[in-house]
Amino acid sequence: MNATKKPGFGVIGAGILGEEHALVFSHTPEIELVAVCDVNADRAKAIAEKFGARTWYTDYQELLKNPDIQAVSIATPDFAHRDITLAAAQAKKDILVEKPLATSLKEAEEIAVAVKAAGVKLMVDYQNRVNPPFVAAKKSIEAGEIGRPAYGYIRLSNTTWVPMEMLTWGSKSSSLWFLGIHCIDVMRWLLADEVRRVYAVTRSGILKDLGVDTQDFHVAIAEFSKGAVVTIENAWILPRSQPMVYEFKLELLGSKGQVNVNTSHHAAVEKHIDGKMTYGDVFGTTPTGPRRLGGFVKEAIAQFVDAVLYDQPVLGSVEDGLAGVRVADAIERSEASGQPVDL
């Protein structure tokens, strides 16, 4: 590492998560946030100025030409990862890409081949691998406390506000790709195992009536190679009366015990304001001193910096990203055929 010039990082996509990436990079003293890119010039300029980036772009190709940038994060919408990731690999930049790696198996395979050929690092931002409740569950499973994992149920869903208002591109994704990919990775990671067969169903109509052309929910039964069976449930139709915009719960039964996780409806903080009850975020962002950042969302991004600068392992590898897409693709094929799909 050059002692007089810090490694430069760039952020492509300045939405909600892109802003998190810019925040972490700007607070990491070993590196410099060189540039921010977004198709919305006002947004790119605003985030660049907010976090002290040297410059901003509306064309990611121009950012990738900047010789001062060693690594980039790609925080564009789910469907818009392939072209940027391939270009970043060709430009020999290390890459942090938001999940999913891609929204088709073909695109994910192309990315995996390109990254290997370029010899660059790629990390998929599977942030729940550092989410404290899931880390605690992982330690319990590894210690053998619940015995042999037998059956699991994992649910991650959103209220209709997410596909209708938070995302401008809800019709170009689904609760499977936006949320289910988290569940798939969490279970692969917790069980240290791969899915061998899925059977899945989906239904549409509610969101289409609300103007969002995508499925309402996805329910899949995943059989893992070591014998565990897991039900994965993802919906974008939770009512807005819910106390959180998301619901994230896990139950895992083993031969000797059980471990449960509830990261949303935990009741650690319960607020009653203007006739509505909500829970507070106690995991994603945590209090720190002014020169540090806390919370698993930011820690995951910081671990990409560690991988680039100090050759630490990435949180989620390109192989992990490809495995997640492979399962999601099988789920979609099972939904379409009405039959189980072997992987």
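Predicted model: local features only at pLDDT ≥ 70, side-chain atom pairs only at ≥ 80, totals over all residues.
Residues are numbered from 1 along each chain as its sequence is written, and side-chain values use heavy atoms, with hydrogens and water left out.

Helices (H or I, at least four residues) and strands (E, at least two) are DSSP runs, numbered from the N terminus. Six strands form an open sheet in the order 3-2-1-4-5-6, and their pairing is parallel; two strands pair if DSSP finds at least two bridges between them. Strand 3 (55-57) and strand 6 (122-124) form the edges, each pairing on one side only. On average, neighbouring strands of this sheet are turned by 20 degrees against each other, direction ignored. Strand 4 (residues 69-74) and strand 5 (residues 94-97) run parallel and are joined by four bridges. Val-72 stands opposite Ile-95 of strand 5.

Axes are lines fitted to C-alpha atoms, for helices over the stretch in contact, and angles run from 0 to 180 degrees between N-to-C directions. Helix 10 (residues 296-310) packs on the sheet and touches strand 1 (8-12), strand 4, strand 5 and strand 6, its direction making about 165 degrees with that of strand 5. Helix 2 (residues 41-50) lies across strand 2 (32-37) and strand 3, at about 160 degrees to strand 3.

Helix 10 also packs with helix 1 (residues 16-26): their axes come within 9 Å and cross at roughly 60 degrees. Helix 1 and helix 10 are therefore oblique to each other, given that angles under 35 degrees count as roughly parallel, over 145 as roughly antiparallel, 65 to 115 as roughly perpendicular and the rest as oblique. Helix 1 contributes Glu-20, His-21, Leu-23, Val-24 and Phe-25 to the contact, and helix 10 contributes Val-297, Lys-298, Ile-301, Ala-302, Phe-304 and Val-305.

Helix 5 (residues 105-118) packs against helix 11 (residues 318-337) at an angle of about 165 degrees, with the axes 9 Å apart. Helix 5 is thus roughly antiparallel to helix 11. Their contact involves Leu-105, Ala-108, Glu-109 and Ala-112 of helix 5 together with Val-318, Leu-322, Val-325, Arg-326 and Asp-329 of helix 11.

Terms used
Contact = heavy atoms within 4.5 Å.
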